[in-house]
Amino acid sequence: DAARLGAWGPQWEPADLKSYRLLFWICGWCSLRRYGDAHDGGYLMCDLSEGMFGIDPVPYIAAYSYGVEGRDAWGEDVSRATGATIHRYDCFTADRPPCKPPCNAVFHDECIGGGDCAASVVPRRIDSLASHLQQNGHARVADGQLILKLDVEGEEWDIFRRADLDILRKFRQVAVELHYPFLNKLIDAERLERRLE
């Protein structure tokens, strides 16, 4: 539903939006839009129908949505907005999220891990971001042709720490939910103050 995209959440005055952009180091300038649910599962991103940095939009080939928990409104919105296939990953539930046409999605009963996935003590299928791209035929796509969403309950830190930069460059936009306790250790009042100066 195109009318729903970006309709959720508070409306910011330009000064507040500028502070928000500084806080999260949004590179460049774009129109922001919310994709997904009104609360948990919704993400503020650059509008997918517009180009970024004053450049015409390049079609997205696919999007990767990790941690769907039986629902993925973000993936459904992104697929509708871009026409791209959404690769949904979750190894903790067998529930396939709905994907009403024109949404196009593939569900993978597998999770993402950042480290030595084979050493996991959890008896689940876990693999790396690089392996998932390889399995789906996206290992050699040009930079900026994919979209990534991570909501993986703290594993995001290890995923980014271990990910090869050549893999991360394939994603034009990355939406991530950062989880405690790691966030409190990385962003404290002193660091936040320096970022906003």
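This is a predicted model: local features need pLDDT of at least 70, side-chain atom pairs count only at pLDDT 80 or more; totals for chains, interfaces and linings use all residues.
Strands of a sheet pair through backbone hydrogen bonds, and the pairing may be parallel or antiparallel.

## The antiparallel hairpin

The antiparallel sense is found in the pairing of strand 1 (residues 32-36) with strand 2, which extends over 5 bridges. One of the residues involved is R34, whose bridge partner in strand 2 is L44. The hairpin of these strands has 5 residues between them, and G41 takes a positive phi near 100° there.

Strand 2 (residues 42-46) is largely enclosed by the rest of the structure, because 4 of its 5 residues are buried.

In soluble globular proteins, nonpolar side chains tend to be buried together. The largest nonpolar core here has 17 residues, of which Y64, Y66, L129 and F171 touch the most other members. Strand 3 (62-66), helix 3 (129-135), strand 8 and helix 5 (165-168) each give two or more residues to this core. Another core, of 12 residues, lies apart from it and includes A63, A84, I147 and A175.

Which residues does Y64 touch, not counting residues up to four places away in sequence? Among them are W74, H87, Y89, H132 and L133, together with L146, I147, L148, K149 and F171.

## Two disulfides

A disulfide is a covalent bond between the sulfur atoms of two cysteines. The model has 2 disulfides. One joins C91 to C111, with an S to S distance of 2.0 Å. C91 lies in the loop between strand 4 (85-89) and strand 5, whereas C111 lies in strand 6 (residues 111-112), so this pair ties together parts that are 20 residues apart in sequence. Both C91 and C111 are buried. The torsion about their S-S bond is about -95°, and the disulfide is therefore left-handed.

C99 and C103 form a disulfide with sulfur atoms 1.9 Å apart. Its S-S torsion is about -100°, so the disulfide of C99 and C103 is left-handed. Are these two cysteines buried or partly exposed? C99 counts as partly exposed, at 23% relative accessibility, while C103 is buried, with a relative accessible area of 9%. The cut-off for buried is under 20% relative accessible area.

Key. Residues are numbered from 1 along each chain as its sequence is written. Side-chain values use heavy atoms; hydrogens and water are left out. Buried means under 20% relative accessible area, exposed over 50%, partly exposed in between (1.4 Å probe, protein chains only). Two strands pair if DSSP finds at least two bridges between them. A nonpolar core is a set of buried Ala, Val, Leu, Ile, Met, Phe, Trp, Tyr and Cys residues joined through side-chain atoms within 4.5 Å. Contact means heavy atoms within 4.5 Å. A disulfide is a pair of cysteine sulfur atoms within 2.5 Å.
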